[in-house]
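Have a look at the model first, then read on.

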Amino acid sequence: MAKRIAFIGLGNMGSGMAANLVAHGHKVEAFDLDTAALGRAKLAGCGVHTSINAALDSADVVVTMLPDGKIVRSVYQNDVLKWAPRDALFIDCSTIDVASAHAVIAMAGTHGHPMVDAPVSGGITAAKNGTLTFMVGGSDAAFAAAQPILSAMGAAVVHAGGDGAGQAAKICNNMLLGATMVATSEAFAMAEKLGLDLQAFYDISSKSSGQSWSMTSYCPVPGVGPVTPADNDYEGGFTSALMLKDLRLAMAAAAESGANVPMGHRAAELYEAFVSAGNAGKDFSAIIKTLRK
Ligand code: NAD
């Protein structure tokens, strides 16, 4: 059933996601602090608003896609809880710290709003094509209410568990991704030093016990494996800045929960150094350049 959806945060990801909601017949009312983002939303068929309360007016559902936990907390506390209609469902798709997800869902609950944390896997292209994977935390009832909305924006919608479980799944997954990208990159770099042909190494390892998504779907070596950001001078994928953001969230969650994550910790250190050296905007697979030297 078509819903009236307030969409807050129409950046690289949110703009494509909102366009897919429009394509599925929903009435999307957009708000962003950036006028260029609002311009893109208008082109995608959204109603656009320069005040957040106008976007939230009469909303059945509120979707947020914002940069970090501090902003998410502030937007819900200062605006969404103030202006959204009484029974509106809240869906936060941003990648944020688990503690902020718990805090915002608890705040929503005290005001009677069902809410899920629903971070995504997949980048800008998946957001545009409606092929994101959503990992969702929240009650069974909140998940059931959010599922049809999320399905309009993604190819897979998985209920990870209770409040905050979506964020927990996201940072565990991305910590694994960061570590496997470093490990895959160093294996290619060592293969090269040992005189192996890198295509031959790919042909062997991609069918052997060393294979991973970082190798077979996102190979960091140009000209080897499928077409990836490596074939475009490491432009246009998942930036190293965003990988570092997720690894920092993972390290904070590990410290809070007492988890022992030596590989994740080392990956975080390597991406800290890589980003500090001026590579924030490069795809995260470009870390191989530091290892091939
Ligand atoms: P982005 O910076 O392109 O977009 C964020 C948008 O939020 C911007 O348009 C900004 O103007 C807006 N914004 C900031 N503060 C606001 C406020 N107070 N009120 C209204 N709008 C506000 O970021 P993005 O790449 O779209 O990422 C969004 C989220 O998705 C992040 O949490 C990121 O970690 C996560 N994510 C991104 C990717 C990716 O490939 N880009 C992949 C997976 C997850």
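**Salt bridges and their surroundings**

Asp 233 has a relative accessible area of 45%, so Asp 233 is partly exposed (buried means under 20% relative accessible area, exposed over 50%, partly exposed in between, with a 1.4 Å probe and protein chains only). This is a predicted model, in which local features need pLDDT of at least 70 and side-chain atom pairs count only at pLDDT 80 or more, while totals for chains, interfaces and linings use all residues. Residues are numbered from 1 along each chain as its sequence is written, and side-chain values use heavy atoms, with hydrogens and water left out.

**The Asp 233 pair**

- Asp 233 and Lys 282 meet through their side chains in a salt bridge, at 3.5 Å from N to O (a salt bridge is a side-chain nitrogen of Lys or Arg within 4 Å of a carboxyl oxygen of Asp or Glu).
- The two residues are 49 apart and link distant parts of the chain: Asp 233 is in the loop between α10 (213–216) and α11 (240–257), and Lys 282 is in the loop between α12 (262–279) and α13 (helices are DSSP runs of H or I, at least four residues, numbered from the N terminus).
- Lys 282 counts as buried, at 17% relative accessibility.

**Helix-to-helix pairs**

- A salt bridge also joins the side chains of Arg 248 and Glu 272, at 2.9 Å from N to O.
- Because Arg 248 lies in helix α11 and Glu 272 in helix α12, this pair ties together parts that are 24 residues apart in sequence.
- Both partners are partly exposed: Arg 248 has a relative accessible area of 48%, and Glu 272 has 29%.
- Salt bridges with shared partners join Asp 233, Glu 235, Lys 282 and Lys 289 into one network.
- Arg 292 pairs with Glu 192 in a salt bridge whose closest N and O atoms are 2.7 Å apart.
- That pair links helix α13 (residues 288–292), which holds Arg 292, with helix α8, which holds Glu 192, 100 residues apart.
- Under the salt-bridge rule, the count is eight.

**Cysteines**

- The disulfide count is zero (a disulfide is a pair of cysteine sulfur atoms within 2.5 Å).
- Cys 219 is buried, at 0% relative accessibility.

**Thr 184**

- Thr 184 sits in helix α8 (residues 165–193) and is buried, at 6% relative accessibility.
- Not counting residues up to four places away in sequence, Thr 184 touches Ser 212, Ser 214, Met 215 and Pro 220 (contact means heavy atoms within 4.5 Å).
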